[in-house]
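Hello,

Here is the structure I said I would pass on. Please look through it first, then read my notes below.

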Amino acid sequence: EPSGDDKVLLEMEEEKNEEDPKPKKKIIIAGLERDDESNGQHEDGMIISSLLVQLDECSDQAYSNFLLALCEMCRLAERSISTTLNQSIQSAMEEDARVAESANTLFGGINPHRKGKDGLDVEHMLSKRFQLAASRTLSMYILDRGAQAASHLCTGMLQFADARDPYAIPTRPREDVLRLFDIIKASCEDSISIMGGDLFASAVPSFPDEIDYANVFGDRLSGGSGGGATSGLKMDVERMFIENIQVYPHAFDELEFNRNSVISGILCVALSGLVECVRSSVFSSLGLRQMKVDAVLLRYLVPHYVKDVYGTPEANACTGVCNAIDDVMLNAEQRCVDPEVIGDDEYYDAEKDEIVTPFLLVQQFLFNDDGDQNVMERISFS
């Protein structure tokens, strides 16, 4: 139990339940006994150590919120600390100037005609350092959220190699893919709470007709890139035309502080982790088809969260995420043990005696769901 001397560093609301309408998670920094012989550096080290221990015991959401809190603190300091210090110095300089006018000192005192020109941070170095600190903290938030999403996408990857039933077909996207969108939705709400802006990029459109599959899902998912087994040379050529994107930001990169940049970064980190997992896996016909159903759902909803903003560093934000999805499928096809199913989008459902496609399965799952929870309300803001 925290004592009266303890400090609440971060307080966050968690999901409501019946027992407590607004339960809160607190990160408590225990009060330290001051020693006259101890220096401030030792005390700061104790506080940081205590904070790290408590963060290890907290939920992933608490750690992510802590990073956002640090980011916002740095952004506020960037805008205010230089101005505040300069105002304090200016006030002191005005007092010294009045003294100098009344007493002719040896060095003439402070020149009153330079009032306002002798600032503490003329080159704005303090602001730049706080801006870089905020950018680094935001990148840590993106990497943390992306790692959480990647862990869901890579769950059960060993099941994709199950070839016991060569005629088995998927019935819906995996639950782990839906958990990815749970993280994305929460990240959107976190981002606009400190950065402002729109909650999503665009409204979810109606599911496209077959004639528009290539425009919405791209050539690789819609079959426009050919079909059948893809040779190694053809895959190498396709990779050459897939635009490379920077997944992990450099330490000195200054990120854009907006929701679009954050969400595109989280998706790229998650899909990068999925690509590495796919490269170390083997896929049966069922596994490859399941991957395609998941990829169709991802491509359909990505424009709802991310958009290309031309003329800015986010000019390829949505395009880069879509290219990452295509790269996932490219690697999965290369590692499929049944090359005959590559490019074959017609799955025969023996139980219903009908032909289904991955696009039809996603459409039925999203818009003809008979469950208690509306799927679209869970994975989007529509």
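**The core and the helices around it**

In this predicted model, the largest nonpolar core has 76 residues, and the members that touch the most others are Leu138, Leu297, Leu366 and Ile379. Helix 7 gives the most to this core, namely 12 residues. As background, nonpolar side chains in soluble globular proteins tend to be buried together.

**Helix 3 and helix 7**

Leu138 is part of helix 3, and this residue is among those that meet helix 7. Helix 3 covers residues 125–153 and helix 7 covers residues 259–279. Their axes lie 7 Å apart, and the two helices pack at an angle of about 45°. An angle under 35 degrees would count as roughly parallel, and one from 65 to 115 as roughly perpendicular; helix 3 and helix 7 are therefore oblique to each other. Their crossing is right-handed.

Which residues of helix 3 meet helix 7? They are Leu138, Tyr141, Ile142, Leu143, Arg145, Gly146, Ala147, Ala149, Ala150 and Leu153. On the helix 7 side, the partners are Ser261, Val262, Gly265, Ile266, Val269, Ala270, Leu271, Gly273 and Leu274. By class, the residues of this contact between helix 3 and helix 7 are 14 nonpolar, 4 polar and 1 charged.

**Ser272**

Helix 7 also holds Ser272. Is Ser272 buried or exposed? Its relative accessible area is 17%, and the cut-off for buried is under 20%, so Ser272 is buried. Neighbours within four places in sequence aside, Ser272 is in contact with Val247 and Tyr248.

**Helix 8 and helix 10**

Helix 8 runs over residues 285–305 and helix 10 over residues 358–367. Their axes come within 9 Å and cross at roughly 60°. Helix 8 and helix 10 are therefore oblique to each other, and helix 8 passes helix 10 in a right-handed crossing.

The contact of helix 8 with helix 10 has 10 nonpolar residues, no polar ones and 1 charged.

What does Leu297 touch, leaving aside its neighbours within four places in sequence? Leu297 is in contact with Pro173, Val177, Leu178, Phe181, Val362, Leu366 and Ile379.

Regards

Terms used. Residues numbered from 1 in each chain as written. Predicted model: local features only at pLDDT ≥ 70, side-chain atom pairs only at ≥ 80, totals over all residues. Heavy atoms only, no water. Axes fitted to C-alpha atoms, helices over the stretch in contact; angles between N-to-C directions. Helix = DSSP H or I, 4+ residues; strand = E, 2+ residues; numbered from the N terminus. Parallel < 35°, antiparallel > 145°, perpendicular 65-115°, else oblique. Left-handed = near helix turned anticlockwise from the far one by under 90°. Contact = heavy atoms within 4.5 Å. Nonpolar A, V, L, I, M, F, W, Y, C, P; charged D, E, K, R; others polar. Core = buried A, V, L, I, M, F, W, Y, C linked by side-chain atoms within 4.5 Å. Buried < 20%, exposed > 50% of the residue type's maximum accessible area, 1.4 Å probe, protein only.
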